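I opened the notebook to record what I looked up, step by step. The entries follow in the order I made them.

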There are 2 protein chains.
Amino acid sequence: MPNNSKFTSLEKWLLRKIQKSIGRAPIQLSLGDTDTGAPTGTPPVARVIIRDRWTLARLIVNPELAFGDAFSEGRIEVEGDLVALLENVSATTRGAKIGNWYSRLVGRLSGLLEFNSRRQARKNIHHHYDIRKDFYQLWLDPQLVYTCAYFPTPSATLEEAQFAKLDYVCRKLQLRPGENVIEAGCGWGALALHMAKHYGVKVRAFNISHDQILFARERAKTEGLSHQVEFIEEDYRNISGQCDAFASVGMLEHVGAGNYRGLGRIINNVLGPSGRGLLHFIGRNQPRPFNAWTKKRIFPGAYIPALREALRVFDPGDFSVVDVENLRLHYAKTLEHWLDRFDRSRARVTEMFDTRFVRAWRLYLAGSVAGFRAGRLQLFQVLFARPGWQKTPSTRAYLYAEADSVEQEKKWFHAMS
Amino acid sequence: MPNNSKFTSLEKWLLRKIQKSIGRAPIQLSLGDTDTGAPTGTPPVARVIIRDRWTLARLIVNPELAFGDAFSEGRIEVEGDLVALLENVSATTRGAKIGNWYSRLVGRLSGLLEFNSRRQARKNIHHHYDIRKDFYQLWLDPQLVYTCAYFPTPSATLEEAQFAKLDYVCRKLQLRPGENVIEAGCGWGALALHMAKHYGVKVRAFNISHDQILFARERAKTEGLSHQVEFIEEDYRNISGQCDAFASVGMLEHVGAGNYRGLGRIINNVLGPSGRGLLHFIGRNQPRPFNAWTKKRIFPGAYIPALREALRVFDPGDFSVVDVENLRLHYAKTLEHWLDRFDRSRARVTEMFDTRFVRAWRLYLAGSVAGFRAGRLQLFQVLFARPGWQKTPSTRAYLYAEADSVEQEKKWFHAMS
């Protein structure tokens, strides 16, 4: 470990530069044993120890990627609360460059450059979603819902909140028995199976993750729903047929902004004249390039759009936006649950993979909690419809009605027993 | 009146051309006594009688403007249901050119070209809103709310629905006693007064319609709210100061898409770090030029944006879209009430103005009912917030909760007694 006297004044200057770049966040930076000291008045929420010169230099050149890699490799240590650290950095740097046309342009271009060919998409999805299923089983709910949950009350468990989310999506779509649904990007199949089981619809669910499709088919068979739900291993670009409702939960992030209109043309082709659909995706307030480290190590090919960019999906057809809800605090809570379960399974994950993997995933989960808490990340549910969709309830009260809750509890009982 | 034999085959061809352009709408066109005949199978909802050659020619060159002007002047007569006629035309022509990049571009440009200088804006607003107040009193509710109402139940009266709308806006904004609100484009002041009276906030409300400001000030004085509500005759571009909540109901339509970022800069300047705001405006599914006749005769300088265009308001600051609700069917219902009341006051309006004015306004109101019913027009309420806004309820259930309805009924009683 280098000691204080060995550092050059250039290195100390670099350290102060980094401290400055994170603004007024109450964080203590150390280069080996050299503290920069946190801003006066606030006790620091965490201490970040940079172990060596090389890491320091990389932090200056490419801070996002360097921090993530160095943290994963143990060349950066964090003492204290990792989430609070990241949340503070998010909050203090969040406003930077907002409103600047140049940064909007750079953000937008970075989104448009994500073209994700069918082949590349398959590789990207394999990278993240085809990790051993028993890994995800350690920290997701038993249904393996790997998207934002919905907490009807703050004390709901993760299992309850994921069930509530699946049901909320169905109620927003006002599914009726016998209707046809197409789902694009179905994960391990929980939503498609929920729709079939509780709403009596037929679902064709698409996914390019081979392992997820196998798991979902198995579940459909076990639950006797194979005649109602078809799981298809296929790219969303190859979706055809007709449907009354279209759903996509947590796929848009992997589509790339350059393909939004293409996705819209698909929806326009399959959705009938009184159809409706729901897109559920992570968004942000302004177009920005995706975090360099997360993109390289966790989600290759991903892009998080501003709402305005995402609405480009509706350009190729006659769709009305009916309802947009921002559930970012629900995602922060969902991720807190995941992080907590992940931490409790740390020994097991280290056995499965290695320390580096564990550290990288902790950083990704903690960083996501921080991003949603600080308002740097958003979670949008966008309900859209053909102008011909004559939805019966004219207000949204039905989504929150007492009678509905009773109905939901009945389903609960059914599902949990 | 020309008879059948006098029409040339060119004219008959033109008539068939018009019939074709309105697609499969069950409408009978007559040139004098020459019927084109409606599409077989459907009984026509209305018969449109074109009185002379000159009108026919103008309909070919500039259909929107020609139809409106000729209808106002009695050179076109409509037998049957005017709203149904317009709704059918809207529905059958709605999808045309959707998804075409060229039409999107033309739409977007037409919006961006609405710059509305301060001087022009004053002229535009004077044209519509400074019409004698007793005219609006004939067919609006007693509070003179000239924007979309909110019908909590289908049987609510117009008065109830306008009260419910004002309250809904306040509850979405979660106003707390003592907070400061800025309202841009306050009409006759109903919302500002509602906020002050029922939520105990201080409001600074801006409007460039001289007559409306005078009326609103008078009402504030009569109701003893002058110390809480300040009505300011000033362009939104001159808004300054600081606020906890920003509201604008029915103004964006008059701003022009070229000024959305300018409006956003104003909001960014006045809204505090934990502030929130609501924009309520007429929108459409795709960028399109505003109806030529309505724009020329009824609302000069107006532009109806697609949601994606309107979100440009949020470019210049760090704002999160929290909630978007589409209330188009509520606006159809609101307009039905207005049209009904207008029709019952037709004799009085003819005395005040003339037949041409009455016919023009009937067309404008009926056309608006039709546009919202057919889904050609939308009504968006966009709730947005600074990332620092920690709204207490984490779901939207509070907007529809039983307890809240009781609270609202109490206010009702208070307001109506």
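Predicted model: local features only at pLDDT ≥ 70, side-chain atom pairs only at ≥ 80, totals over all residues.

**Entry: around A:Arg297**

I placed A:Arg297 in helix α13 of chain A, residues 292–298. I then looked for its contacts, leaving aside neighbours within four places in sequence. A:Arg297 is in contact with A:Asp69 and A:His127. I also checked A:Arg261. It sits 36 residues from A:Arg297 in sequence and 27 Å from it in space, C-alpha to C-alpha.

**Entry: chain A as a whole**

I counted 18 helices and 11 strands in chain A. Of its 417 residues, 59% count as buried. I took the contacts between residues at least 6 apart in sequence; 73% of these join residues at least 24 apart.

**Entry: helix α1 of chain A**

I turned to α1(A), residues 9–21. Its 13 residues reach 18 Å from first C-alpha to last, close to the 18 Å expected at 1.5 Å a residue.

Which residues of α1(A) are buried? I found A:Glu11, A:Leu14, A:Leu15, A:Ile18 and A:Gln19. Looking down the axis of α1(A), I saw these buried residues fall within an arc of 145°, so they line one face of the helix.

On the face of α1(A) turned away from the buried side, I listed the exposed residues A:Ser9, A:Leu10, A:Arg16 and A:Lys20.

**Entry: helix α8 of chain A**

I ran the length check on α8(A), residues 158–173. At 1.5 Å a residue, its 16 residues should span 22 Å; the end C-alpha atoms are 23 Å apart, which agrees. I found 14 of the 16 residues of α8(A) buried, so this helix is largely enclosed by the rest of the structure. Just after α8(A), A:Gln174 takes a positive phi of about 50°.

**Entry: a sheet in chain B**

I traced an open sheet of four strands in chain B, with the order β2-β1-β3-β4 and mixed pairing. At its edges stand β2 (34–35) and β4 (76–80), each with a single partner strand, so one side of each is left without a neighbour in the sheet.

I followed one pairing further. Strands β1 (27–31) and β3 (46–50) of chain B pair in the parallel sense over five bridges. B:Gln28 stands opposite B:Arg47 in β3(B). Helix α2 (53–61) of chain B lies across β1, β3 and β4 of that chain. It runs at about 110° to β3(B).

**Entry: the two chains**

How are chains A and B related? I laid chain A on chain B: a turn of 180° and a shift of 0.0 Å along the axis give an RMSD of 0.0 Å. That is the relation of a two-fold axis. In chain A, the C-alpha nearest the axis belongs to A:Val324, 2.3 Å from it. The same surface serves both copies, as 100% of the contact residues of chain A recur in chain B.

Notes
Residues numbered from 1 in each chain as written. Chains lettered and ligands numbered in written order. Heavy atoms only, no water. Helix = DSSP H or I, 4+ residues; strand = E, 2+ residues; numbered from the N terminus. Expected span 1.5 Å × (residues − 1). Buried < 20%, exposed > 50% of the residue type's maximum accessible area, 1.4 Å probe, protein only. Arc of directions from axis to C-beta. Least-squares fit on C-alpha atoms with pLDDT ≥ 70 in both. Contact = heavy atoms within 4.5 Å. Pairing = 2+ DSSP bridges. Axes fitted to C-alpha atoms, helices over the stretch in contact; angles between N-to-C directions.
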